Amino acid sequence: MRTWALLLPLLMATAQAQVCSVDKTVFEVKENTNSSEPLLDIYVPEGQQVTLGPSSTRFAFRIQGTQLFLNVTPDYEENSMLQAQLECKSGDTTVTQLRVFVSVLDVNDNTPQFPYVARVWKVPEDTKVNTTIIPETELEAQDLDKDDILFYTLQEVTLGASDFFSLMGTNRPALRLDQPLDFEKCRNMTFQLLVRDTQEENVEPSHTATATLVLEVQPADLRPPWFLPCTYSDAYVCIQAQYQGTVPTGHKLPGALVLQPGPIYAVDGDWAISQPIVYSFMKGHEDGTFSIDASTGNLTMSKSVPSPKTFLLVVKGEQADHGRYSVTQVMVEARDANGSLPRFPESLYRGTVARGSGVGVAVKDAAAPSQPLRIRAQDPEFPDLNSAITYQITNNSNFRMDGEAVLTNALLVHTGVFYAEVEAKNTVTSGTATTVVEIQVSEQEPAPTGTTLRPSASSMPGGPSSAGTSPSPTPASPSGGSAQTSKPGTSPLTSPGPSRTPWSSAGTSGAGGGSTTNKPSGDQRFSAVEMAALGGVLGALLLLALIALMVLVHKLYGHRLKCCSGKALEPQPQGFDNQAFVSEEANWAPAPSPSPRPGRPPTPEPVTPGPTSPSPATLHHVPESPAAARDGEDPAAVRSILTKERRPEGGYKAVWFGEDIGAEADVVVLNEPASEADGAGDSGSEGSGDAGSDAGPGRGTEDPPGADSIYF
């Protein structure tokens, strides 16, 4: 036995040496692994060959020599277990068969996938809160990695949408409603559903996917009909309107009643559904006085009311599908209509029409020339009677009323302003009211494009004195006494007062009267642009004339204006002065008076003085003024006609003219130094006094100037 025990291992080793063998038959490989190394080595006895048997995974392995290699990149999602069948043959005889298994390990290498990219779900508006809107099976994504756990996040795209919907859980993507829906506030909500195959975002590897969810809110019948106008308190309740109206007693109105604040009208509170509304009476119509139109809600009278009375009608507005309804109250008061007068909203209406218009031409509104003039009166107590008001023009045959429109009733030959009285009469209550229409008949001419002026109306024969504006037409009273010209057969025109018409009234009286002014048939009026251009030209000419006049006055009288200004004058380089004052030896004796001659004496040639005036220091004292001339001397006495002026040096200057200016021109210039200003002042005063007493007794009219004067 002991010998067999020793021989058994030897026999086994000898047997193994006769067959193929490997060291390991099971391997684990991560998917996506690319390796160039052999998977295992195969022991092949001498004289045998090893090949892959038919049970091997196709194309997964290859044998090079005695080594086994992986021939593909393993993919867990495609094949998680690879098998290699090794056959050792000696000739055609298979000696040994071996099996090698390769287990592919899963790796997170796949991105989750949603079965949709974007999807729309319709959600009824009246869905209850906490209801699962979309189940998990319709929203969940798929991941081929078997061990991956998916995490979901709902991200709002529409602002505020996350307040209405949420997910059941992070790993449960079912969508749940969190608060009531309101179709009028939010009709569509969009979300983005995000899925990740890891819980944390910064883990590697990690894969995500997104899908778009659109939820459309479908309107539901949640609100009853609302009578308009109404006040909204919330999205479902509306405070109903109540209607009021007035009808006259003893009259059956033909049309629908005018109610306040408006006609009976209701709408479906769910405006997106907008079911038609059917109207009916619920209460208050037992006597059959009123009827209501089922489709329009118009309230009409079936018969008249004999005496004053108040009706309280309960009106029902129901959806056509009979789903919901609401009610309102209508109060109709029957009153006595006697004494109710219509009223015009305006006391004066203004219209315009072109000259030459024939019969039946509509007068245009002056405020809106493209629209016809409409004159409408209203009954403040019975608005339903407005349709019973008729209109007529009472005092001007050139125009007539056609309903509320003003039409021409004759050919308008002349331009001008016409006034017409319009009377409104309520045919039910017999109440009347009047108003005044001011109609401007003007030329049809294109608007001026330049500043070319036409001849003034005042320059034309027989034209008015002014082509501009004229005084407003004289007011006329309804009883007569109007200063306006009237056509035979028409009554005087009525005007509420002084006209405020924007047009000029320089026109002629119409054939039928009503015009306020007269003018020739030719067009002599100016436009506003022409008058503005003319005013600008005249203003410029006036300014130029004033400038020229100021320059002329300055040149002729400038030196006098300087003397009168009270400022010291600068010495003139070429001024004239008496040369007798320059020399110390000047002769102060007066020059002999020229003897009278029948003819005009020859004019002596002027002596030009030096270029500069003598200084005040060289002047001599003048003992007395020429007014001190003695009696009985030369009859050609001098008298002062100018006041004394102070010289710049401080002295005085006086100019004296002879009385007989026509025969001889006697001029005396008196200068006095500043040192004796007091004496000069006395002399000047004395001379002035003598001049005033020349004609008095004791004074000759021909006394020569005194010896203290210089006489030329």
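## Basis and overall make-up

In this predicted model, local features need pLDDT of at least 70 and side-chain atom pairs count only at pLDDT 80 or more, whereas totals for chains, interfaces and linings use all residues. Residues are numbered from 1 along each chain as its sequence is written, and side-chain values use heavy atoms, with hydrogens and water left out.

The protein has four helices and 37 strands, taken as DSSP runs numbered from the N terminus (helices H or I of at least four residues, strands E of at least two). Of its 712 residues, 37% count as buried, where buried means under 20% relative accessible area, exposed over 50% and partly exposed in between, with a 1.4 Å probe and protein chains only. Among contacts (heavy atoms within 4.5 Å) with a separation of 6 or more, 66% join residues 24 or more positions apart.

## Aromatic pairs

A search of the whole structure finds 10 aromatic pairs, for which rings of Phe, Tyr and Trp (its six-membered ring) must have centres within 6.5 Å, with planes under 30 degrees apart counting as stacked, over 60 as edge-to-face and the rest as tilted. One of them is the edge-to-face pair of Tyr 116 and Trp 121, with 6.1 Å centre to centre and 80 degrees between the planes.

Phe 227 and Tyr 279 form a tilted pair, 6.4 Å centre to centre with 55 degrees between the planes. Because Phe 227 lies in strand S16 (residues 225-227) and Tyr 279 in strand S22 (residues 277-283), this pair ties together parts 52 residues apart in sequence. Phe 227 is buried at 0% relative accessibility, and Tyr 279 is buried at 4%.

## A buried loop asparagine

Asn 396 lies in the loop between strand S29 (389-393) and strand S30 (399-402), and is buried with a relative accessible area of 4%. A polar atom of the Asn 396 side chain lies 2.9 Å from the backbone nitrogen of Asn 398, and a polar atom of that side chain lies 3.2 Å from the backbone oxygen of Tyr 419.

## A nonpolar surface patch

Met 531, in helix H3 (residues 528-564), is partly exposed with a relative accessible area of 37%. Together with Leu 534, Val 537, Leu 538, Leu 541, Leu 543, Leu 544, Ile 547 and Val 551, Met 531 makes a nonpolar surface patch of about 810 Å².

Key
Patches are made of residues with over 30% relative accessible area and no salt bridge: like charges are joined within 9 Å, nonpolar side chains (Val, Leu, Ile, Met, Phe, Trp, Tyr) within 5 Å. Accessible areas come from the Shrake-Rupley method with a 1.4 Å probe; for residues, only the protein chains shown count as cover. A salt bridge is a side-chain nitrogen of Lys or Arg within 4 Å of a carboxyl oxygen of Asp or Glu. A polar contact is a pair of N or O atoms within 3.5 Å; within protein, one must be able to donate a hydrogen and the other to accept it, and residues adjacent in sequence count only if both atoms are side-chain atoms.
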